[in-house]
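Reader: I have a sequence and a model open side by side. Could you walk me through the fold?

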Amino acid sequence: MLIWITRASCARDERMRQTVKRRILLVGSARTELALHTDAFAADGETRFGAFTGNTVPGGPLSYAGVAVTRLGGEAILCSAVGDDQYGRDLVKFYEDLGMDTRFVKTVRGGASPLGVTAERADGERRSYRSSVLSEAIDCDLIEDAFTTLPDAVWLSLEIPVAAAARVTALAREKKIPVFADGEHIPADFPLDALGDVTLIALGAEAAKRYTGIEPRSAQSNLEAAVALAKIIHAGTYMFRAGVGGAFAFKGNFSYYIPYVEGADARLNELFVPAMILEYLRSAKTVRAARYASTVIARAAARGGEPITAVPTETEVLRYILEHEVEL
């Protein structure tokens with residue numbers, strides 16, 4: 001059944017959303033992003049000189065997820081680790097200033113906070129480097145402590161240690177809480193079958209091919225890859241990213257596509273699964289949740305600027321849906 005957003009239903013939904021604040025446990029890596037803007041990349045062994053610009057912003061999957069949940073009307077409970085350096089202190093302050101729960105962001109004494117470095121040319125091409133330090137500090141004990149907050153749902157970035165990720169999914173099943181496994185940054189050797197049952201598993205095309213041997217590029221290959229993935233991990237929904245804000249999803253008895261957002265910054269893909277969770281909790285409909293998430297990215301892309309600061313509020317998304325007659 002297709003559901004259309006009308007002016008009356010938009011206002012009604014907004015009133016209802018304001019009465020319930022869902023608690024989302026977010027488990028993943030926090031990083032500081034160093035962004036360099038350049039006219040050209042240096043070749044191997046070359047040093048380039050020029051009027052380069054750069055800036056430092058909160059980044060990493062956890063930062064984007066936390067901002068998405070908070071701006072879209074949820075309560076973000078963070079489970080991660082930072083060092084006891086200035087980068088770590090600045091990240092925690094950033095989260096706390098936005099009202100996130102940072103009790104389970106572990107500060108590792110003597111540790112250096114993870115960094116990400118991205119060099120971007122004027123044409124949009126990027127070269128990225130990501131630090132994975134402190135990932136082992138996100139352990140089972142920390143995760144068990146975080147679950148005492150009684151979350152309504154869990155977002156899990158599959159870049160943390162396998163044992164910790166498996167503990168997240170086990171606790172979610174035990175407590176009958178939906179868990180969304182986000183493989184945007186999944187390592188090549190991550191054993192998906194260690195996770196057990198999940199509500200949703202989202203992978204990029206490259207990771208999907210790595211696990212299934214099938215590159216999801218067409219309707220047929222997407223379906224074949226999803227069926228193959230279902231033999232490795234059991235999920236309510238299997239999702240493959242297709243461009244920024246776009247996806248193919250398979251639920252066992254039907255599949256569907258979400259169109260990508262043209263011209264959107266690739267980093268906005270970090271918002272997709274966290275935004276889905278909030279709408280899924282409100283409607284219990286995966287298709288609607290995926291379309292809502294894509295709309296969040298479209299609104300953020302229209303705003304422009306640094307992706308971490310472009311995340312729209314829930315009210316802004318509802319207005320965008322109304323103004324552009326978006327079908328959910």
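Predicted model: local features only at pLDDT ≥ 70, side-chain atom pairs only at ≥ 80, totals over all residues.

Reader: What percentage of the 328 residues in the protein is buried?
Author: Residues are numbered from 1 along each chain as its sequence is written, and side-chain values use heavy atoms, leaving out hydrogens and water. Buried means under 20% relative accessible area, exposed over 50%, and partly exposed in between, with a 1.4 Å probe and protein chains only. By that cut-off, the buried share of the protein is 52%.

Reader: Which residues have the most contacts inside the largest nonpolar core?
Author: In soluble globular proteins, nonpolar side chains tend to be buried together. A nonpolar core here is a set of buried Ala, Val, Leu, Ile, Met, Phe, Trp, Tyr and Cys residues joined through side-chain atoms within 4.5 Å. The largest one has 59 residues, and those with the most contacts inside it are L26, M239, L271 and M276.

Reader: Which helix gives this core its largest share?
Author: Helices (H or I, at least four residues) and strands (E, at least two) are DSSP runs, numbered from the N terminus. The largest share of the core is 9 residues, and they come from helix α9.

Reader: Why do the buried residues of α7 lie on the same side?
Author: In helix α7, residues 219–229, the buried ones are S221, N222, A225, A226, A228 and L229. The arc is that of the directions from the helix axis to the C-beta atoms. These residues share a side of α7 because they cover an arc of only 160 degrees.

Reader: In what order do the 4 strands of the open sheet run?
Author: Two strands pair if DSSP finds at least two bridges between them. The edge strands, β3 (53–59) and β7 (126–130), each pair on one side only. The pairing in this open sheet is mixed, and the order is β3-β2-β6-β7.

Reader: Which residue of β7 is the bridge partner of E120?
Author: Strand β6 (residues 115–121) pairs with β7 in the antiparallel sense, over 5 bridges. In β7, the partner of E120 is R126.

Reader: What radius of gyration does the protein have?
Author: The radius is taken over C-alpha atoms, and the globule rule is 2.2 Å times the number of residues to the power 0.38. For 328 residues, a compact globule would come out near 20 Å, which agrees with the protein's 19 Å.
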